[in-house]
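Here are my notes on the model, point by point. Please read them with the structure open.

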Amino acid sequence: MILREWKMMDGTPVNIDSIEVSIKKFISIGYEVHVGCDSKKYNDHTRMITAICLRKPQDGALVWWCNENERLYPSVYMRLQKEMLTSLEVADNLRNRGFDNVTVHLDINPDDRYLSNKFYDEFVGTVTGYNFKCLTKPVAFATAIADMYT
């Protein structure tokens, strides 16, 4: 997963080793690592975007993203679950590369007026069960960044 074709915000391809160098540089000056996914259903496929974001409040963010065209998912639950699992996979790969402080962002809402709320406890519990910090809407900015590319 982490070895897929990553791109800078402007679409310029970049390899994972360059991303790793940047992460090391920026976490040394206070940036934090965040990972999130978003997806969009099209007629014949689902576009899944994963974003790795380095962020330091008041200083902006650096972003890398990748795209996968997936099958159509038969339910919102399965599509959101795939987003969560993809984010976890990337976060775990980053942790295996020595980045222990990764926050996973989920495109789910704690407000019970929204459909994604039905999966809130399960998905947040899965992420925290893997010992990652977890952010959800409305503060899950990594999913909002991923959404810009869907």
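1. **A loop with a cis proline.** Pro 138 sits in the loop between β7 and α4. The peptide bond from Lys 137 to Pro 138 is cis, with omega near 5°. Helices (H or I, at least four residues) and strands (E, at least two) are DSSP runs, numbered from the N terminus.

2. **Basis of the notes.** This is a predicted model, so local features need pLDDT of at least 70 and side-chain atom pairs count only at pLDDT 80 or more, while totals for chains, interfaces and linings use all residues. Residues are numbered from 1 along each chain as its sequence is written, and side-chain values use heavy atoms, with hydrogens and water left out.

3. **Thr 136, in the loop of point 1.** Thr 136 also lies between β7 and α4. Is Thr 136 buried or exposed? Thr 136 is buried, because its relative accessible area is 9%; buried means under 20%, exposed over 50%, and partly exposed in between (1.4 Å probe, protein chains only). Setting aside neighbours within four places in sequence, Thr 136 is in contact (heavy atoms within 4.5 Å) with Leu 106, Ile 108, Pro 110, Tyr 120 and Val 124. Tyr 120 is 16 residues away along the chain, and its C-alpha atom is separated from that of Thr 136 by 8.7 Å.

4. **The sheet.** An open sheet of 7 strands runs in the order β2-β1-β5-β4-β3-β6-β7. Its pairing is mixed. The edge strands are β2 (13-14) and β7 (133-135), each of which pairs on one side only. Two strands pair if DSSP finds at least two bridges between them. Strands of a sheet pair through backbone hydrogen bonds, either parallel or antiparallel.

5. **Strand β3.** Start with burial. In β3, 7 of the 10 residues are buried, so the strand is largely enclosed by the rest of the structure. β3 and β4 run antiparallel and are joined by 10 bridges. A hairpin of 4 residues connects β3 to β4. His 34 stands opposite Cys 53 in β4, and Val 33 has Leu 54 of β4 as its bridge partner. What is the direction of β3 relative to β6? These two strands run parallel, joined by 4 bridges. Val 35 stands opposite Val 104 of β6.

6. **Strands β4 and β5.** β4 is mostly covered, with 8 of its 10 residues buried. β4 (residues 46-55) and β5 (residues 61-70) run antiparallel, with 10 bridges between them. Cys 53 has Val 63 in β5 as its bridge partner. Ile 49 stands opposite Asn 67 in β5.

7. Which residue takes a positive phi in the hairpin of β4 and β5? Gln 58 does, near 75°, and the hairpin has 5 residues between the strands. Gln 58 is not a glycine. Gln 58 is exposed, with a relative accessible area of 77%. Asn 131 is not a glycine either, and has a positive phi of about 65°. Asn 131 lies in the loop between α3 and β7. Its relative accessible area is 63%, so Asn 131 is exposed.

8. **Helix α2 on the sheet.** α2 (residues 76-96) lies across β1 (6-8), β3 (32-41), β4, β5 and β6 (102-105). It runs at about 150° to β3. Axes are lines fitted to C-alpha atoms, for helices over the stretch in contact, and angles run from 0 to 180 degrees between N-to-C directions.

9. **Helix α2 with helix α3.** The axes of α2 and α3 (residues 120-129) come within 11 Å and cross at roughly 15°. That makes α2 roughly parallel to α3. Angles under 35 degrees count as roughly parallel, over 145 as roughly antiparallel, 65 to 115 as roughly perpendicular and the rest as oblique. On the α2 side, Tyr 77, Leu 80, Gln 81, Met 84 and Leu 88 make the contact. Glu 122, Phe 123, Thr 126 and Val 127 make it from α3. By class, the contact has 6 nonpolar, 2 polar and 1 charged residues. Here Ala, Val, Leu, Ile, Met, Phe, Trp, Tyr, Cys and Pro count as nonpolar, Asp, Glu, Lys and Arg as charged, and the others, Gly among them, as polar.
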